[in-house]
Amino acid sequence: MASSGAGTGRRDVSFISGDAACAAWWYPATQEPAGGRRPCVVMAHGFSMTRGDGLARYAEAFAAAGAHVLVFDHRHLGDSGGEPRQRFRARRQRADWRNAVAYARSRAEVDPQRIVLWGFSFSGGHIAALLARGLGVAAAMVLCPFVDGWARVRATPLRLSAWIIPRAVADLLGRHTLIPVTGPPGSHGAMTHPGEAAGFAASTTAESRWVNLISPALFLTVALFRPVNRAGRIGVPLWVGRCTDDASVDPVAVGRLADRAPRGELHEFPGDHFAPFTSDDDAVLAAQVAFLRRTVLEPNAIHG
């Protein structure tokens, strides 16, 4: 179910990350801040998607529960700066996350000790990687997280991999190259499993800046992106959401992430990878708001 953010007090803000500005929405907590500064949830979308693709619904719910919310676009995507457009570089995106956290902490109305990260799909993988490397926050929520690139490589048809690799090499060597993000099974694209093209299309809203193009250099190293293997180093409360019919990320790896993280908890929901944005069921939202209340919103919440 889409939401435009109208009537929530949402404001456009931005912060600098490296060589460009990341565009963001700021949702102030709609409850009066009893006792001063409030927690802040920092959010970004998954692979190629933008802040306009269903994130407003979640941000509004978190703000209504009493947290400030920062929703940003990674560089090269959506409304953020960065040239060339539609470039995907995992390290740059993780730097965007660090700078988003720093920006949130710099705001006078935010309690810098109560920052919560929220990520879907590849952003969920970024969060797991950052937490394992010591990024200090109070808690995190990862929804259908991409945490085992090797599993995705194994599930990709060899013919498609053979088509992507030379384009990925060209992109890595500096010749900006774009391929489709998605398409039907048998077509050329980064994500062509059954249901993926329809899922991307159904997740976009009137505010969407999503473009069905992405640079492919990532695919030369994606098999090595396996933050699930370092989950034991994640010390903060970690909410992990898994959908029962998800064919885009490895469900076994998602479960292992929750099991291996010392304070991980696994929540399962019906539907495919995109169900959290295409379904009217509020079960995911309710579970995440409950997690926020337990970890950072209630007076006696223990965090960090």
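**Strand pairing, burial and charge**

Modeller: This is a predicted model. Strand S3 (residues 38–44) and S4 run parallel and are joined by four bridges.

Biologist: Which residue stands opposite His68 in S4?

Modeller: His68 belongs to S4, and its side chain points the same way from the strand as those of Leu70 and Phe72. S3 and S4 are the parallel pair here. The residue opposite His68 is Cys40.

Biologist: What is the handedness of the β-α-β unit made by S3, helix H1 (residues 55–65) and S4?

Modeller: S3 and S4 are parallel. With helix H1 they make a β-α-β unit, and its handedness is right-handed.

Biologist: How many of the five residues of strand S4 (residues 68–72) are buried?

Modeller: In a regular strand the side chains alternate between the two faces of the sheet. In S4, His68, Leu70 and Phe72 point one way, Val69 and Val71 point the other way, and all are buried. S4 is therefore largely enclosed by the rest of the structure, and the count of buried residues is five of the five.

Biologist: Which side chain of opposite charge is nearest to Arg94?

Modeller: Arg94 sits in helix H2 (residues 90–106) and is buried without a salt bridge. Its side chain does have a polar contact of 3.5 Å with that of His126. A salt bridge needs a separation within 4 Å, whereas the nearest side chain of opposite charge is 11 Å away and belongs to Asp96.

Biologist: How many residues apart in sequence are the parts tied together by Glu207 and Arg10?

Modeller: Glu207 and Arg10 form a salt bridge, with their closest N and O atoms 2.7 Å apart. Glu207 lies in the loop between helix H6 (196–203) and strand S7 (238–243), and Arg10 in the segment before strand S1 (11–17), so the parts they tie together are apart in sequence by 197 residues.

Conventions:
Residues are numbered from 1 along each chain as its sequence is written. This is a predicted model: local features need pLDDT of at least 70, side-chain atom pairs count only at pLDDT 80 or more; totals for chains, interfaces and linings use all residues. Side-chain values use heavy atoms; hydrogens and water are left out. Helices (H or I, at least four residues) and strands (E, at least two) are DSSP runs, numbered from the N terminus. Buried means under 20% relative accessible area, exposed over 50%, partly exposed in between (1.4 Å probe, protein chains only). Lys and Arg count as positive and Asp and Glu as negative; His and the chain ends are not counted. A polar contact is a pair of N or O atoms within 3.5 Å; within protein, one must be able to donate a hydrogen and the other to accept it, and residues adjacent in sequence count only if both atoms are side-chain atoms. Two strands pair if DSSP finds at least two bridges between them. A crossover is right-handed if, with the strands pointing away from the viewer, the path from the first strand over the helix to the second runs clockwise.
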